[in-house]
Number of protein chains: 2
Amino acid sequence: MFQKIKIRIEQELKSYIRGLEKNYHLKSLSPLILRSIKEFILRKGKRIRPILFCIGYLGFAEKVAPGLFRSAVSLELLHDFMLIHDDIIDKSDIRRGKPSMHLMLQRQLPHKKLKFNGQDLAIVIGDVIYALALDVFLEVKGDPKLKEQSLKQLISAVLYTGSGEFIELLLGARDLKKVTKKDIYKIYQYKTSNYTFASPLVMGAILAGADKKQIKTIFEYGIKLGIAFQIKDDIIGLFGKSSDTGKPNLTDIQEAKKTLLLWHAYHNSTSKDRKIIEKIFSAKNVEEKNLCQIQKIILNSKSIDFAKKEIDKLRKESESLLQDTGMKPKYQILLKEFSEKILTIEPYLFHSIDTIGKIMPR
Amino acid sequence: MFQKIKIRIEQELKSYIRGLEKNYHLKSLSPLILRSIKEFILRKGKRIRPILFCIGYLGFAEKVAPGLFRSAVSLELLHDFMLIHDDIIDKSDIRRGKPSMHLMLQRQLPHKKLKFNGQDLAIVIGDVIYALALDVFLEVKGDPKLKEQSLKQLISAVLYTGSGEFIELLLGARDLKKVTKKDIYKIYQYKTSNYTFASPLVMGAILAGADKKQIKTIFEYGIKLGIAFQIKDDIIGLFGKSSDTGKPNLTDIQEAKKTLLLWHAYHNSTSKDRKIIEKIFSAKNVEEKNLCQIQKIILNSKSIDFAKKEIDKLRKESESLLQDTGMKPKYQILLKEFSEKILTIEPYLFHSIDTIGKIMPR
């Protein structure tokens with residue numbers, strides 16, 4: 001069922017891309033814009049947001065609204081826009097296993113002195129995709145008032161994700177010892193949970209005509225699930241195979257991301273280890289060696305066990321909320337399966353930790 | 001009348017700002033976001049876009065929709081978002097006579113090694129203001145279908161302005177001799193006319209229930225007027241007092257903007273002067289001396305006379321279109337007065353040219 005929705009989303013993405021030229025005449029404006037947008041949008045992805053939007057809808061709807069799956073594309077486009085701007089800010093070269101948008105554009109520029117670069121072009125392409133996302137959302141047919149309310153949720157998702165990104169950057173300027181668990185959870189809530197889980201589900205539920213209480217509960221469910229997912233994603237980011245995550249393990253450390261994992265490790269380590277963390281986090285460039293050091297400190301401080309407990313706690317809380325949503329049982333089961341899938345730490349990860357354990361014994 | 005609408009818009013902007021904290025809890029998220037948005041939005045500006053939106057509406061409406069002026073704020077916010085991203089791309093330090101958003105944010109950061117800068121924060125604030133713009137647009141009361149159609153026009157304005165910005169950047173990589181007048185007009189149309197003139201008028205007209213033919217005519221009217229305005233703005237940008245324009249005269253040259261003025265000067269100059277232009281345009285930094293050189297070449301090539309003829313031609317075409325819009329005569333007169341005001345090259349400018357003429361005689 002989940003897979004079936006995903007296949008449908010992929011089809012819609014492809015047909016959306018085919019219509020892009022016809023609907024907006026982007027090619028006559030700039031073939032480079034059209035080509036870059038197409039390439040980026042069609043990259044492999046989990047499509048979590050459009051899928052959750054559809055589940056949010058189907059869980060409360062009597063029948064499928066015409067254009068529902070088409071309008072789900074908006075959530076993937078919104079994600080693409082955010083990834084593009086994020087990668088500029090984080091100076092990331094790789095996205096979904098391929099060059100980030102700004103790097104891809106930079107490579108297409110003539111080799112001569114220019115007053116602009118790939119990042120400048122990528123800021124603009126991000127803004128354009130933001131507009132495309134809004135436009136395609138409006139294609140769903142239905143009660144205009146519900147559509148407007150659902151659109152307002154989409155808008156608020158961008159607003160709060162942006163704010164979350166902003167405070168995460170500011171937190172980067174703060175010493176690790178002054179960062180609280182509450183700070184970290186606030187960022188997880190705004191930067192991940194809201195726009196990846198809560199808002200897509202809520203947007204679908206609103207369109208389907210769910211009532212206020214149901215919407216509130218499904219929002220809270222999404223927030224809990226999203227925070228749990230972010231914690232798991234931090235573990236994968238640091239220990240997972242980069243062929244699976246699509247980005248190097250060094251990324252979070254390079255960006256000095258204040259993750260829950262790192263927060264716990266910092267507060268449960270020797271002062272010698274704390275100094276190592278501080279040094280790596282303030283360095284301009286980090287190396288493979290530093291990754292191993294951080295991994296070792298995280299393992300020694302039992303921060304993975306702590307993180308797993310947090311994930312379990314949040315998962316249980318979210319499951320209990322799910323029962324109160326009034327969603328059709330079939331879709332509750334679907335969401336439960338989905339959350340198990342995304343929250344389970346796959347065996348290959350443990351293998352990786354073992355490997356590190358052998359290389360650098362405690 | 002025009003002034004009356006402007007005063008109303010200013011009031012709405014202020015009350016919008018007052019409600020910002022209450023409606024979005026931005027302060028509890030980050031006081032810096034809220035403070036920066038407030039400061040930037042309240043800077044002095046011409047408010048052309050919200051005013052034209054109101055005129056577009058009032059010119060076709062039976063009565064004023066509740067929330068109309070509130071929703072006009074969206075067009076000023078949209079402009080703010082674009083200015084913020086533009087200033088990052090153009091590396092501009094000054095906006096509306098004050099530090100650009102990225103510079104203002106940079107100055108608030110602690111003086112230590114950080115993994116991000118004011119530009120990164122400003123990308124995000126731009127995205128957040130984009131969301132705020134969409135949200136406040138939805139506050140107007142009216143037929144939901146007309147609201148949706150009007151919103152689609154707003155979205156397309158961002159889409160095409162972004163595309164216009166993109167092709168303008170790419171044009172920066174092209175040699176001046178390969179740039180055509182058509183290229184320049186295409187950018188003027190997409191980057192200025194559409195979102196500053198045509199789209200605000202059309203958005204208002206749609207909301208008021210104007211018919212398809214009327215909307216098409218008012219759109220074309222806005223495009224013509226906007227191109228004329230951009231040509232005049234280029235003259236002011238180069239020769240006007242920076243205390244009036246809010247940015248240094250060097251800006252366009254520093255950014256190597258391919259303006260109509262420059263295109264004409266290039267094609268109507270001696271080969272020696274062409275070489276000077278080329279050299280200045282490919283230099284990394286330009287100085288006051290270069291500004292004088294360019295000004296002199298533009299005066300010698302009679303490019304201002306050419307530009308003024310183009311403005312007059314476009315003004316006449318737009319006036320003839322205005323008569324066909326079916327807009328209430330009162331508002332036609334208002335638009336005619338408005339276009340005269342914004343297209344007239346004020347005396348202080350000639351004074352400035354005279355001054356230059358004396359300093360550097362032909």
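Trainee: Leaving aside neighbours within four places in sequence, which residues is Ile125(B) in contact with?

Mentor: In this predicted model, Ile125(B) is in contact with Ile33(B), Ser36(B), Ile37(B), Ile84(B) and Met101(B), and with Phe166(A) from chain A. That list leaves aside neighbours within four places in sequence.

Trainee: Which residues have the most contacts inside the largest nonpolar core?

Mentor: They are Ile125(A) and Ile125(B), and the core itself has 222 residues. As a general point, nonpolar side chains tend to be buried together in soluble globular proteins.

Trainee: Let us turn to the contact between the chains. How many residues does it take from each chain?

Mentor: Chain A gives 48 residues and chain B gives 48 residues. On the side of chain A that touches chain B, α2 (26-29), α3 (31-41), α5 (68-90), α7 (118-137) and α8 (144-172) each supply at least two residues.

Trainee: Which of them gives the most to that side of chain A?

Mentor: That is α8(A), with 15 residues. Sorted by class, the side of chain A that touches chain B has 31 nonpolar, eleven charged and six polar residues.

Trainee: What ipTM and pTM does the predictor give the complex?

Mentor: The complex has an ipTM of 0.92 and a pTM of 0.92. For chain A, the pLDDT averages 91, and 94% of the residues score at least 70.

Trainee: Where in chain A is the pLDDT below 50?

Mentor: It is below 50 over residues 358-362 of chain A. Beyond near neighbours in sequence, that stretch has four contacts in the model.

Trainee: Now for a helix in chain B. How many residues of α13(B) are buried?

Mentor: Seven of the eight residues in α13(B), which runs over residues 260-267, are buried. They are Leu260(B), Leu261(B), Leu262(B), Trp263(B), His264(B), Ala265(B) and Tyr266(B).

Trainee: What covers the buried residues of α13(B)?

Mentor: The cover includes α9 (181-207), α10 (212-239), α14 (271-282), α15 (288-300) and α16 (303-323) of chain B.

Trainee: How far apart are the end C-alpha atoms of α15(B)?

Mentor: They are 19 Å apart, which agrees with the 18 Å that its 13 residues should span at 1.5 Å a residue. After α15(B) comes Lys302(B), with a positive phi near 55 degrees.

Trainee: Where else is there a positive phi in a residue other than glycine?

Mentor: Arg47(A) has a positive phi of about 55 degrees, and the phi of Arg47(B) is near 55 degrees. In general, most residues other than glycine have a negative phi. Arg47(A) lies in the loop between α3 and α4 (48-58) of chain A, and Arg47(B) is in the loop between α3 (31-41) and α4 (48-58) of chain B.

Trainee: Why does Arg47(B) count as buried?

Mentor: Arg47(B) counts as buried because it has 23 C-beta neighbours inside 10 Å, and the cut-off is 20 or more. Arg47(A) is buried, with 23 other C-beta atoms within 10 Å.

Trainee: I would like to look at another loop. Where is Lys247(A)?

Mentor: Lys247(A) lies between α11 (242-245) and α12 (251-254) of chain A. It is buried, with 20 other C-beta atoms within 10 Å. Setting aside neighbours within four places in sequence, Lys247(A) is in contact with Ser92(A), Ile94(A) and Ser242(A).

Trainee: And Leu250(A): what does it touch?

Mentor: Not counting residues up to four places away in sequence, Leu250(A) touches Val286(A) and Leu291(A). Leu250(A) is found in the loop between α11 and α12 of chain A. With 18 C-beta neighbours inside 10 Å, Leu250(A) counts as partly exposed.

Trainee: One last residue. Which helix holds Ile297(A)?

Mentor: Ile297(A) is in α15 (residues 288-300) of chain A. Ile297(A) counts as buried, with 22 C-beta neighbours inside 10 Å. Beyond residues up to four places away in sequence, Ile297(A) touches Ala265(A), Ser269(A), Asp273(A), Ile276(A) and Ile277(A).

Terms used:
Residues numbered from 1 in each chain as written. Chains lettered and ligands numbered in written order. Predicted model: local features only at pLDDT ≥ 70, side-chain atom pairs only at ≥ 80, totals over all residues. Contact = placed C-beta atoms within 7 Å. Helix = DSSP H or I, 4+ residues; strand = E, 2+ residues; numbered from the N terminus. Nonpolar A, V, L, I, M, F, W, Y, C, P; charged D, E, K, R; others polar. Buried ≥ 20, exposed ≤ 12 C-beta atoms within 10 Å, placed from the backbone. Core = buried A, V, L, I, M, F, W, Y, C linked by C-beta atoms within 7 Å. pLDDT = per-residue confidence, 0-100. Expected span 1.5 Å × (residues − 1).
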